[in-house]
Amino acid sequence: MNFPEYRPRRLRKNDLFRRLIRETSLSVDSFIFPLFATVGKGVNKPIASMPGHAQLSVDLIVKEVQECRDLGIPAVLLFGIPDKKDGTASGAFARDGIVQQTIKRIKDKVPDILVVTDVCLCEYTDHGHCGILERNEVDNDLTLEVLAETAVSHAKAGADMVAPSAMMDGQVGVIREGLDEAGYENVPIMAYSAKYASCFYGPFREAAESAPQFGDRKAYQMDPANGDEAIREMNLDVQEGADILMVKPALPYLDVIRRAKEEFDLPVAAYNVSGEFAMIKAAAQLGWLDGERAMMESLTAISRAGADIILTYFAKEAAKLLRK
Ligand code: PBG
């Protein structure tokens, strides 16, 4: 069918037609809201590059989580900022670590929301890298044990799901094994499978105080130029026991999200990262973009590309708009 027999505008004529043929409908059911836990009480340290977000102490996090629950958001993702960092990342797996305490408190006060934890060491090492150093390089296999111990400590504290993000080879396998041995065979793993060495994590590193003190993360996170490699990474994670595959960041990698959806038979998550959030907020503050529309268009595009789950700092704002 060609013009003038076929006229696509016929079905765009008004909102009723547009609704009728709409292919993607964004839902609050797919959102996960990230939160930054810090020690203390009544602490609210706003993150300059992420308007509306702050490092929060446990008491205030509980309030945020309640709000998420009331908005219908099914899950939150926890990051922790410990009071001290060291070479062994001991704060990551401490029984009374910041994330472990926060999980317990949330589970106690707001049992009807899923608590997902980021499993990585960068917030806990004094050098800011995602693993344990050996001769100034991140040692893969030394890091694996610590990641497994961290994931198990999260599960012990009550985490509903763990999300390894360190980009160490074999991390999903050792975490699966660790969880199973400790009796947590029913705790799923959402693997940050295709995590790129991206500049878009900039605002997060301010938020989580996790910027590397030397060098960068290119020796473990993926090269933004590679797509086929993402498939290899995801294949490994599937074999190692991942329950959900994640692509991160989201908007610059929609092609990778689409390939993940087409090539694997697992739910696909996309992380709409801090820099993607900050760009829209900054442009909106300057009056250069309509912030609400930019948010909804971005989230819809991530969903259209194939994401079943979207981790986003916009979750609360978008949930409010979707309710109207
Ligand atoms: C931990 C981690 C990072 C993000 C999520 N988990 C930072 C990094 O890898 O440098 C980034 C999240 C965001 O930018 O919103 N490694």
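Predicted model: local features only at pLDDT ≥ 70, side-chain atom pairs only at ≥ 80, totals over all residues.

Residues are numbered from 1 along each chain as its sequence is written, and side-chain values use heavy atoms, with hydrogens and water left out.

**Ligand surroundings**

- The ligand is surrounded by 19 residues (near means a heavy atom within 4 Å of the molecule), and the closest are Lys 195, Arg 205, Lys 248, Ser 274 and Tyr 313.
- By class, this shell holds eleven nonpolar, three polar and five charged residues. Here Ala, Val, Leu, Ile, Met, Phe, Trp, Tyr, Cys and Pro count as nonpolar, Asp, Glu, Lys and Arg as charged, and the others, Gly among them, as polar.
- A polar side-chain atom of Tyr 313 is 2.6 Å from an oxygen atom of the ligand (a polar contact is a pair of N or O atoms within 3.5 Å).
- Asp 118 places a polar side-chain atom 3.3 Å from a nitrogen atom of the ligand.
- For Lys 248, an N or O atom of the side chain lies 3.3 Å from a nitrogen atom of the ligand.
- Strand 9 (190–195) and helix 7 (202–208) are the elements that give two or more residues to the shell around the ligand. Helices (H or I, at least four residues) and strands (E, at least two) are DSSP runs, numbered from the N terminus.

**Cavity**

- On a 1 Å grid over the protein atoms alone, a cavity is a set of points where a 1.4 Å probe fits but cannot get out, a pocket is an open set with protein on both sides within 12 Å along at least five of seven lines, and lining residues have an atom within 4 Å of a point.
- The structure has one cavity of 30 Å³ or more.
- The largest cavity holds about 150 Å³ of space, a volume being the space filled by probe spheres set on the points, which are joined across faces, edges and corners.
- The lining of the largest cavity has 20 residues, and Phe 79, Lys 195, Tyr 201, Phe 204 and Lys 248 are the closest to its centre.
- That lining divides into ten nonpolar, four polar and six charged residues, with at least two residues each from strand 9 and helix 7.

**Pockets**

- The largest pocket contains about 500 Å³ of space.
- Its lining has 15 residues, with Arg 22, Glu 23, Thr 24, Ser 25 and Thr 300 nearest the centre.
- Helix 11 (residues 291–305) gives the largest share of this lining, five residues.
- Six nonpolar, three polar and six charged residues make up the lining of the largest pocket.
- The second largest pocket contains about 260 Å³ of space, and of its 15 lining residues Glu 137, Val 138, Met 168, Ala 219 and Tyr 220 lie nearest the centre.

**Backbone**

- Most residues other than glycine have a negative phi, and most peptide bonds are trans.
- The peptide bond from Lys 248 to Pro 249 is cis, with omega about -10°, and Pro 249 is in the loop between strand 10 (244–248) and helix 9 (254–263).
- Phe 3 and Pro 4 are also joined by a cis peptide bond, with omega near 10°.
- Ala 89 has a positive phi, near 55°, and lies in the loop between strand 4 (75–81) and helix 3 (90–93).

Notes. Polar contact = N/O pair within 3.5 Å; in protein donor to acceptor, adjacent residues only side chain to side chain.
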